[in-house]
Amino acid sequence: MAYALQQLINGLTLGAVYGLIAIGYTMVYGIIGMINFAHGDIFMVSAFIAVTAFTLLAAFDITSLPLAITAVLIVAIFFTSAYGWAVERMAYRPLRGSTRLAPLISAIGMSIFLQNMVQLTQGARVKPIPPVIEGGIVLWTTPDFTVQIAWTQILIILVTVVLMVAFTWLITQTSFGRQQRACEQDSTMTALLGINVDRTISLTFMLGAALAAVAGVMVTVYYGVVDFYIGFVAGIKAFTAAVLGGIGSLPGAMLGGLLIGLIESFWAAYLSAEYKDVATFAILILVLMFRPSGLLGRPEVEKV
Amino acid sequence: MKKTLIATAFLALGAQINLAHADLTVAIAGPMTGQYASAGDQIRRGAEMAIADINAKGGVLGQKLKLEVGDDACDPKQAVSVANTMVNKKIVFMHGHWCSSSTIPASEVYQEADIPMATVSTNPQVTERGLKNVFRIMGRDDQQGLVAGEYLADKFKGKKIAVVDDKSAYGKGLADEMAKALNGKGVKPTLRESITAGEKDYSGLVTKLKQAGVEVLAYGGYHTEVALILRQAQQAGLKLTVMGGDTMTNSELVTAAGASADNVMFTFSPDPRKNPDAAPVVKRFRDAKVEPEGYVMYAYAAMQLFEQAATQAKSTKFADLEKAMRGGSFKTVIGDMNFDAKGDQKKPGFVVYQWKGGQYDYAAK
């Protein structure tokens, strides 16, 4: 029981990170119908920005923990959003209106470019930071197992919940949210109604990147090491999460992320860690067989 | 007419001279990019230094050496295409590849093109397939697994040991051999698991180890995953001693795992930096701000091997080189090299090392 609880905590933390990245995939798909394969690498860039920011703060002797984390979050969100904007501007906007395949290839190219750029400028070695937050709370002690939740895990889960609430509010209640949903439904009509579609798409990319930035900072704090390659696996898993939850659906992305995190940790806990990816993808296939548009996705209606 | 003849003869002579002075192309291949790029970096630095030194002494058989670098990113498919590129570049010798899973498919391409290769890949299959062009300048996983497993069985008697690998050709081979050696000593591993390399979250595995009361982790795989496992074990309040293979020589392990790297032991050939004959070369590396750790000296030694084999054979033709390499004895910076019929080292000697305060040294016997 205690063991299961520990694995639940592990799974939730992992799932929260996947969910944050998955939202970037799902929002971009929702608005322009393409899979932004460079999104995982945007996440990787943000982790590098976080490492740089933490190192700089340490150099300036800023040791207050809440202050440091807030500062790093702000810096990472700012620069990563700028990356999100620049990627959309350079790689996808010129291709808008061409075949659906063109931006997809461009995204793969962008992903390779970002990876190699970071490898060349930052080096191929892993970049570690000393543990920022240490320790945790002992939740439950049984004779043979102690359930522990690390402060970093609490931080990740809390930040994700807060962001989800804020994000739902942004999409459902604000005028930007309305514009965003309008572009999703029919971008031509939205443009005719006097809404700047290009600007909305840019903002969507920036928002997705901002969430990836938060995930990047959290991963840096939690795992303590980053390298230029982390975007690949995280990107694939988050993309799977988005598809599992129903691509295009925001709550779906979060749900998909949490599910994948939980499946992974419980499968590794009770069966074998060797086949946990097989389990994840088998469940994805099963879900798609019975609900082709994902768990919370709306079936696509062919417009005539 | 006479003039034309002379001119033609002269030109032909010129072409001859040109041919004689054409460079010999040798190559290295390994993960120059990708997640194990730091090992590729070590190989390149070692090879570049060796070639500069050999060329400074006048080259091999009067010809200068030229280095080609192939990047396989530890991807078996890319390794084959790198191998084909190298064949087209008419290389006469290959040092590589690094990952066993790349070396195995690539070696067949080199075999068809009659190119001898010296690799540091440790999977037994590298030399078990009867390819005549494959030479291994490092020990084998079955040898290093045996040393590691027996050390664990003696040193950690009565403690719970888990055997984990990363599913790669190298990692699984090594972990299997460690498990076999443990069983041979009557120690039954508490857990046998595999993980996926390249991920960041191993908290599931760590929790499982903690639940099972495991204190010693015998790991087959690369250093990047070990660093993450150690960090996450520390967060979960689990103290682990790790036994790994030759890849744990990478100092990245210490930067990434911090103080918990002190609990890492591994098997590796006797440290070439401690070889007194290699002292001048070690000094030259350090002067060039390169620490000759890990595979740096192996790459240097591979180039020395080629130089000496070609000099002894007085040829760079495959048949001559192969005969010289198999029969000869070579003095290199990593010690004397002699190959057996399979192309393995006759005396590969593995030693158990332990990290301590950012340095590794021989572990307590």
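Predicted model: local features only at pLDDT ≥ 70, side-chain atom pairs only at ≥ 80, totals over all residues.
**Stop 1: the cis peptide bond.** Select G96(B) and H97(B). The peptide bond that runs from G96(B) to H97(B) is cis, and its omega is near -10°. To place this site in the fold, display β3 (93-95) and α4 (100-112) of chain B: H97(B) belongs to the loop between them.

**Stop 2: A73(B).** Select A73(B) next, in the loop that lies between β2 (65-71) and α3 (76-88) of chain B. Although A73(B) is not a glycine, its phi is positive, at about 50°. Is A73(B) buried or exposed? With 20 other C-beta atoms within 10 Å, A73(B) is buried, because the cut-off for that class is 20 or more.

**Stop 3: K314(B).** Move on to the loop between α12 (296-313) and α13 (318-327) of chain B, where K314(B) is found. K314(B) also is not a glycine and has a positive phi, here about 55°. K314(B) has 10 other C-beta atoms within 10 Å and is therefore exposed.

**Stop 4: the side of chain B that touches chain A.** Display both chains. Here 32 residues of chain B are in contact with 31 residues of chain A. On the chain B side, select α2 (37-56), β7 (191-194), α8 (203-211), α9 (223-235) and α10 (252-257), the elements that each give two or more residues. Of these, α8(B) supplies the largest share, six residues. Colouring this side of chain B by residue class shows seven nonpolar, 16 polar and nine charged residues.

Notes. Residues numbered from 1 in each chain as written. Chains lettered and ligands numbered in written order. Helix = DSSP H or I, 4+ residues; strand = E, 2+ residues; numbered from the N terminus. Buried ≥ 20, exposed ≤ 12 C-beta atoms within 10 Å, placed from the backbone. Contact = placed C-beta atoms within 7 Å. Nonpolar A, V, L, I, M, F, W, Y, C, P; charged D, E, K, R; others polar.
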